[in-house]
Amino acid sequence: MEYMKQYEEWLSNQYFDEDTKQELRNIINDKKEIEDRFYKNLEFGTAGLRGVIAAGTNRINIYTVRRATFGLANYILKNTSKEDANRGVVIAHDNRHMSREFCIETANTLAACGIKAYIFDSLRTTPELSFAVRSLNCIAGVVITASHNPPEYNGYKVYWEDGAQVMPHIADAITNEINSIEDYSLIPTINEENKSLIVKLDEIQDTNFIEAVKSQVIRQDVITNVGKEFKIVYTPLCGTGNVPIRRALKEVGFENIIVVEEEEQPDSNFAGIEYPNPEEAKALNRGIQLAKENESDLVIATDPDCDRVGIAVRTSLGEYELLTGNQIGGMLTNYIIEGLKETNKLKDDSVLIKTIVTSEFGADIARENDIEVMNVLTGFKFIGEKIKSFEETNKNSYLFGYEESYGYLVGTHARDKDGVVAAILISEMAAYYYSKGMSLYEGLQELYKKYGYFKEKTISLTLKGIDGLAKIQEIIKYFRENEIDEVNNVSIIEKKDYKDGIDGLPKSNVLKYFLNDGSWIAIRPSGTEPKLKFYIAVKGNDEDESDSKINGIEDSINKILNKIGII
């Protein structure tokens, strides 16, 4: 069995350290665990590496990080000029277990290959890494993070010179370089001669990033008028957002910020939060409780690498309502458009960019204001790609980009979703409604009355390991090969299969069904987790009608999954 050969190689090869070998000896009688750790190499997907921290080829550890970095270095050296390669790579990391160690390993391996590596003195946000790539004129960037995954995970994301995550063709080429590395002991190691290629960054980068974020404020007068009294509870969920978000909020004029004490400082175990994900209601529990105690107007949570933002808003009844990524994105779309119109700064060629699994809420608002809407595949790099294209062609102006999974970008200082700028604009938007005697929740209801009641739901099936991967493929195959004429007694008027590349988009393993009543369903395996996702989106005249449509579609999906023996 090939995986046993790999296991024995790690045990016998003197390249691997004794602690790693002892960890592997501890599982010598667990063949299933050995198989899962060694049956394949941890895949470098479109977002880089992401996996459980442990010894093994299918885990993230110092050795798989070195291997990925050597592959990245080889790609840079083979595919760019010497001048471009000399621009170097900037590296950031979050608060997770082994993040600093993986950052250092990345820097050391790059330096050993003759490539300059910039590192920060401690943890930094993913959007600041995206900003720093262009600010420092680097050829690439790396951020060590597993975003909102559970504590046992870590990851490795690669950015290219435009500040966006590497596009699929580059990711594929880097993957080929990584896959060609079979002998770990051949990966070069740092020595005294190339140590000088590692450069530590100072606080100037932080200030430049914060200034870029602050420049996106639309109605400074509103913040100036109510910033002292408007109460915000904030939690960084033990991650990287604490310092930059509190600094930016304070510098633009929000003075009444209460931070969740248990989740304020970096903590690799996330203060007991199983999923430090602002999409998860449980992740905001402490924040909401603190908001109730202080009668705060807004609760903001950012994930560990601070590229996603979730919020809870106080209603007229004094309760707190969680808003979805689609709702936040739609409201921000409306707020940005209205604010820019007030100051005559809305450009005629403005474009809203969203992903194919994001609600039409914001898109309908944009179209009503004669603003073009562009759809891209899931993954913020595709929004970043559009921004780059706009700048190169001067044919369009970027207005705003977002995705349903709580990622937003206002401005073009970064080329990835930015939790810092999103937190500032959400706070400003909430303060604007507050100045009118309204809550953000009431503002949402006003938009629903005008544009229709949009509602969405995501069903995630977690299917781990070899068997799980096979089941995901089986489900996708079933939907791809079998005709489905109706869902919830509503006829399907169109089916789109993105696997061959349609609508001017790259190939993607996504299916999307459009129903006769304006609802739609998308099916997509996660690119970063062992999950298959079903996205449901509907539009009704009121909440009850939308709920009924959601429930009916979910029941129909479950019946199909039951039929093919998945649930």
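Start by selecting Glu295, which sits in the loop between helix 12 (285–294) and strand 9 (298–302); helices (H or I, at least four residues) and strands (E, at least two) are DSSP runs, numbered from the N terminus. Check its backbone: phi of Glu295 is near 50°, a positive value in a residue other than glycine. Most residues other than glycine have a negative phi.

A word on what you're looking at: this is a predicted model, where local features need pLDDT of at least 70, side-chain atom pairs count only at pLDDT 80 or more, and totals for chains, interfaces and linings use all residues. Residues are numbered from 1 along each chain as its sequence is written, and side-chain values use heavy atoms, with hydrogens and water left out.

Next, jump to Asp503, in the loop between strand 18 (490–497) and strand 19 (511–515). Here too phi is positive in a residue other than glycine, near 55° for Asp503. Is Asp503 buried or exposed? Asp503 is exposed, with a relative accessible area of 51% (exposed is over 50%, buried under 20%, partly exposed in between, with a 1.4 Å probe and protein chains only).

Now zoom out and color by secondary structure: the protein has 19 helices and 21 strands. Its C-alpha atoms fill a box of roughly 70 × 60 × 50 Å along the principal axes. Color by burial next, and buried residues make up 60% of the 567 residues. Last stop, contacts (heavy atoms within 4.5 Å): of those between residues at least 6 apart in sequence, 69% join residues at least 24 apart.
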